[in-house]
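Q: I'd like to learn how to read a protein model, one feature at a time. Can we go through one together?

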Amino acid sequence: MIKKVMVFTFIIFILLPLSNVYSRQEERVVAIGDSIPFGYNLSKDNHMPPSKAFPYLIGKETGLEVTNLSVPGLTSGELLRAVHSNDMFRQSIQGADYVILYIGGNDLLNLVKKNKGLDGIRIDEAAPVIRDLIYNVYSTIVLIDQLTEGQILVYNIYNPYPSAGDQLNTPLAYINQQYASLIKLLSHFTSVKLLNANSAFKGHPDYIIKGDVHPTEKGQRVLAKLALQQMKK
């Protein structure tokens with residue numbers, strides 16, 4: 001199902017006139033990433049990003065034009081390749097005043113699937129996945145910074161299984177520590193800020209759709225608020 005959504009989404013973007021995807025005449029926010037900024041499962045069909053996805057809530061609050069290039073199922077490696085060589089991504093980012101980046105959840109979830117569940121995931125198994133994720137995020141931010149003078153807002157990863165306890169909290173905490181160190185380093189020579197989705201979602205299972213890993217409408221509003229607070233500084 002996710003692969004079909006990815007294919008359909010890319011076809012829609014390709015068929016759209018470039019003027020609808022990319023314009024320099026209005027201040028713009030471009031969202032790139034996975035199913036979280038896409039707004040997956042907020043609507044029944046998931047054919048297009050819904051208006052209640054947090055990038056559109058940001059646009060509604062600020063008056064910014066929104067281009068949402070998020071694709072359900074996307075990994076950090078796939079996003080890096082898209083920013084590196086996909087003309088649609090690159091031209092959209094070039095016109096952006098803000099670039100929102102949310103990626104990494106699928107890297108971790110793929111590890112869970114490979115392990116056939118959360119039980120028994122060891123840090124030594126997670127380490128190569130985390131290493132590649134951090135490298136991909138670093139490389140993606142550097143590429144974005146080369147394409148635009150706009151501000152880059154990077155979300156860390158919230159816990160999609162809050163009831164799992166330390167089984168997921170341990171690798172997730174390590175990932176988010178690496179995110180924090182990475183953004184701190186990059187902030188010295190790029191316009192990048194870290195938004196703490198993990199902290200905002202902690203203790204709030206109501207922010208995640210029951211029986212799912214994606215944000216509820218309330219969770220999407222929380223993600224939007226994190227960006228809006230930074231944009232107003």
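A: S76 sits in helix α5, residues 76–85; helices here are DSSP runs of H or I with at least four residues, strands are E runs of at least two, and both are numbered from the N terminus. One caution: this is a predicted model, where local features need pLDDT of at least 70, side-chain atom pairs count only at pLDDT 80 or more, and totals for chains, interfaces and linings use all residues. Residues are numbered from 1 along each chain as its sequence is written, and side-chain values use heavy atoms, leaving out hydrogens and water.

Q: Is S76 buried or exposed?

A: Buried means under 20% relative accessible area, exposed means over 50%, and partly exposed is in between (1.4 Å probe, protein chains only). S76 has 1%, so it counts as buried. Across the protein, buried residues make up 54% of the 233 residues.

Q: How do I read the packing of α4 and α11?

A: Two packed helices are described by the angle between their axes and the distance between the axes. Here α4 (residues 54–62) and α11 (residues 217–231) pack at about 45 degrees, with axes 8 Å apart. That angle makes α4 oblique to α11, since under 35 degrees is roughly parallel, over 145 roughly antiparallel, 65 to 115 roughly perpendicular, and the rest oblique. On the α4 side, the contact includes F54, L57 and I58, while α11 brings residues including L223, A224 and M231.

Q: Which residues touch the most other members of the largest nonpolar core?

A: A nonpolar core is a set of buried Ala, Val, Leu, Ile, Met, Phe, Trp, Tyr and Cys residues joined through side-chain atoms within 4.5 Å. The largest one has 63 residues, and those touching the most other members are I32, I58, V83, I141, Y155 and Y179. Helix α8 (residues 123–147) gives the most to this core, with 9 residues.

Q: What is the phi of N41, and of N46?

A: Most residues other than glycine have a negative phi. N41 has a positive one, near 70 degrees, and N46 has a positive phi of about 60 degrees. N41 lies in the loop between α3 (35–38) and α4, and N46 lies in the loop between α3 and α4 too. N41 is partly exposed at 33% relative accessibility, whereas N46 is buried at 3%.

Terms used. Axes fitted to C-alpha atoms, helices over the stretch in contact; angles between N-to-C directions. Contact = heavy atoms within 4.5 Å.
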